[in-house]
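Please look over the sequence and the model together before reading on. The report below is written for someone meeting them for the first time.

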Amino acid sequence: MKIPNHIAFIMDGNGRWAKKRGLPRTVGHKKGVEALEKVVNACIDKGVKVVSVYAFSTENWNRPKLEIDALFGMITEFTRTKLKDYTVRGIKVVFMGDTTKLPQECQNSIKTIIEKTKNNNTLTFNICLNYSGRQEILYAVNNLLSSGKQSVTEQELKQAMFSKDLPDPDIIVRSSGEMRLSNFMLYECAYSEFIFVDDLWPDFDSKTVDKILDIYQNRDRRFGAISED
């Protein structure tokens, strides 16, 4: 069985999951966190080495303040409650995006879990927070320009990206039936396989991961070359 090295998830549908049940959107986000744990555990069991998730985009600031505050509260709680467990299980937590704009309490918990898990190697869990694919590219280009570069190689550009220490995703999965990237990993997705799942994110579990891996088995990744039959 072909096991992807890196799977990236666009977690979509928490609000719709809650609305369908007559519940507040924040309940959907809480269920989404539970689904995230199931997905991460399933990926570890299957031998995936990197999991990335799109947790909060730069465009999400347009949501109601109550929902934004609740999301950051959940992220703070998540990083605190999972610190010991992730340390024991060898999960390394990293973040992509501009976390300096987040509430200070959230920033502090992020810095702690990054520091405490930095030497772990069972799985790298990459959380994209206040992230934008376009802004990531601009960040890299501006840093290269400020260093005096007038032209750059592809490798130099890659090393200036937030994702410099991560392999490009083999698969990008989006939940809830939507079929777009929404400004996610625009540079890194050049040869990613896209898989769109109708299930809303809170309904994701180990069986969903199995389904994704089954689909991946039938993908022929040629990277521009000709497949040998």
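What follows describes the overall fold and then the aromatic rings.

This is a predicted model, in which local features need pLDDT of at least 70 and side-chain atom pairs count only at pLDDT 80 or more, while totals for chains, interfaces and linings use all residues. Residues are numbered from 1 along each chain as its sequence is written, and side-chain values use heavy atoms, with hydrogens and water left out.

**Overall fold**

The protein has 7 helices and 6 strands, where helices (H or I, at least four residues) and strands (E, at least two) are DSSP runs numbered from the N terminus. Read from the N terminus on, its elements follow the order β-α-α-β-α-β-α-β-α-α-β-β-α. The radius of gyration, taken over C-alpha atoms, is compared with a globule rule of 2.2 Å times the number of residues to the power 0.38; a compact globule of 229 residues would have a value near 17 Å, and the 18 Å of the protein agrees with this. Along the principal axes, the C-alpha atoms fill a box of roughly 50 × 50 × 35 Å.

Of the 229 residues, 45% are buried, which is to say under 20% relative accessible area, with exposed meaning over 50% and partly exposed in between (1.4 Å probe, protein chains only). Taking contact as heavy atoms within 4.5 Å, 76% of the contacts between residues at least 6 apart in sequence join residues at least 24 apart.

**Aromatic rings**

The structure holds 13 aromatic pairs. Rings of Phe, Tyr and Trp (its six-membered ring) pair if their centres lie within 6.5 Å, and planes under 30 degrees apart count as stacked, over 60 as edge-to-face and the rest as tilted. Two of these pairs are set out here.

| Pair | Centre to centre | Angle between planes | Class |
|---|---|---|---|
| Tyr 54 and Phe 184 | 4.5 Å | 20° | stacked |
| Phe 56 and Phe 72 | 5.0 Å | 50° | tilted |

Elsewhere, one aromatic cluster is formed by Phe 9, Trp 201 and Phe 204.
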